Structures are given as C-alpha cells and as structure tokens.
Amino acid sequence: MADGSLAGPGSLRGKVSEEEWKARVDLAALYRLVALHGWDDMIYTHISARIPGPEHHFLINPYGMFFEEITASSLVKIDLEGKILQETPYFINPAGFTIQSAIHAARDDAHFVMHLHSDQGVAVAAQSEGLLPLSQHALIVMPRLAYHDYEGIALNHDERERLVADLGDKSLMLLRNHGTLAVGKTAADCWVGMFYLERACKQQVMALSAGRDKVLLAPQASRDEVREQVSRGIGGVLAWPGCLRQLERENPGYDA
C-alpha cells in the first residue's frame, strides 16, 4: 500500500465460510454508507464485525483505504489482540481496534461496533449538556445513550475497562470531545442506531445556532412516551434493504 496501490488478493467469495462472507458484505456496506453520508474521517475511525462462530475472530478495515473504497474481500480478519489471521497485502491500525476490542469482548450482542468522528457528533460530544431533548430523533436516541469522558487518543488499554463500564447495556455512546459510537447485534441495528444519533446531533447543532435560551425542550411527558414507543426497536431490519439498494445505485462494488 506504500505506493498508493489498492490491488488486493482478489475476491474471497467462496474461499471463506458463508457466515464470514455475509459478515464481510454487511461490514463493507457499513463503511460505504458512512462515506455516502459524509461521516468518514479519511482513513481514520473504525467499524468492526464479529465473525459468527466459536472463535473470537473479527473483521476490520485495511489501514490506508478510504471508506468509500472498502470491499468485502479487502477487510482484514483479526483476533481480539489485533493479530492478523489471514494472508493479506494489507495491514491494520491496532490502536484503532482498542475501543472495538473492549466492547466485543464484554458484550455478546456486540456483533458490529461503529466509531465515528463526524463534525456534528464531535460538536455535541463537546457540549457539557450532551444530547438535549430537542427533537424526535433525540428522544428516540436518549434512552439508549451512554457517555464516556475523553482520556486522549485511544492507545491506553487501561481505558477499555472504563469505557465498557460507561457503556453498560446501552447501544449508543457519545465519547466526550471525541465522537460517536454504536453497537448492534446486526449491521442493520448498528447502522440505524448511528443514523438516529448522528441526525439528532446535527439537529441539535442547527437548533443551538439560535442560542441556548431560544430552544424548546420536549416536555417530560413526551420524552416518557417516546421511550415507551421505541422500547421494542426502531425498524432497522426494514430500513437496511433500502440502504443496500442505495449503495447499489450510488457506490456499487462493496460486495466484491
């Protein structure tokens, strides 16, 4: 990759298990969707997926590829320590797996973990009040939202225990002064959760342009009502096929 080439080992379709190939396709789709929405940060931030099976094996992006370029076959298989488990011309950023590895190890339901540095996500993560009940999107997110204080670039493995403790049983997180995080049992759940969090953050940044004293907070009764309404989920399984169709139209090739 030092010469800028993106040439890889060729398609892995039929060379890995069906379960691993599906995880690869879903994860590649997540990377492409993040790029499509403008939430990527060049080659930085990460999305990871656990490969179904008894082994604790995972997939992550090849370090140096833009998210819009990632394919199912270019993803790199690693273990919980970030050791590469396949023949590949690519390498990974082990530091980038620090956050993901902690959550994958602690949560059986964390099959997909997404961490982003979007402008709006960082902006709200840097606000002392965090996410405010300003919009329906925010009310949908808030019952599932946790917070973790900034400790510097995620290189210190000691931080992992504190991050996992702060996440608890939530599926979304604002990393203070840092960005956003979503956890999902499926790619669909992970994506839709992050979509609502990112949209809520964008809406908050726009609303606060009028000043903090000019915004209208949702009444407590409506917050409680929305919490109950979304307690059974927010329809990720229904939205996901449409997301894939959108990729086929606008950035095909993720499933190669």
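These notebook entries record what I looked up in a predicted model.

**Entry 1: helix 8**

I began with helix 8, which runs over residues 236-250 and has 15 residues. I compared its reach with the expected value: from its first C-alpha to its last the helix reaches 21 Å, close to the 21 Å expected at 1.5 Å a residue.

I then asked which residues of helix 8 are buried. They are G236, W240, C243, L244 and L247. These residues cover an arc of only 100 degrees around the axis, which puts them on the same side of helix 8.

Is R24 buried or exposed? I recorded a relative accessible area of 1% for R24, so this residue is buried, the cut-off being under 20%.

I then listed what R24 touches, not counting residues up to four places away in sequence. The contacts are L12, L59, A72, S73, L75, K77 and Q86.

**Entry 2: cavities**

How many cavities of 30 Å³ or more does the structure hold? I found 2. The largest cavity has a volume of about 50 Å³.

I wrote down the lining of the largest cavity: H148, D149, Y150, E151, G152, E159, L163, L175, R176 and H178. Sorted by class, this lining has 3 nonpolar, 3 polar and 4 charged residues.

**Entry 3: the largest pocket**

My last entry concerns the largest pocket, in which about 400 Å³ of space lies. I counted 23 residues in the lining of this pocket, and those nearest its centre are R144, S171, V183, D189 and G233. The elements that give two or more residues to this lining are strand 7 (179-184) and helix 6. Which element gives the largest share? I found that it is helix 6, with 3 residues.

By class, I recorded 7 nonpolar, 7 polar and 9 charged residues in the lining of the largest pocket.

Terms used. Residues numbered from 1 in each chain as written. Predicted model: local features only at pLDDT ≥ 70, side-chain atom pairs only at ≥ 80, totals over all residues. Heavy atoms only, no water. Helix = DSSP H or I, 4+ residues; strand = E, 2+ residues; numbered from the N terminus. Expected span 1.5 Å × (residues − 1). Buried < 20%, exposed > 50% of the residue type's maximum accessible area, 1.4 Å probe, protein only. Arc of directions from axis to C-beta. Contact = heavy atoms within 4.5 Å. 1 Å grid on protein atoms, 1.4 Å probe; cavity = no way out; pocket = protein on both sides within 12 Å on 5 of 7 lines; lining within 4 Å. Points joined across faces, edges and corners; volume = space filled by probe spheres on them. Nonpolar A, V, L, I, M, F, W, Y, C, P; charged D, E, K, R; others polar.
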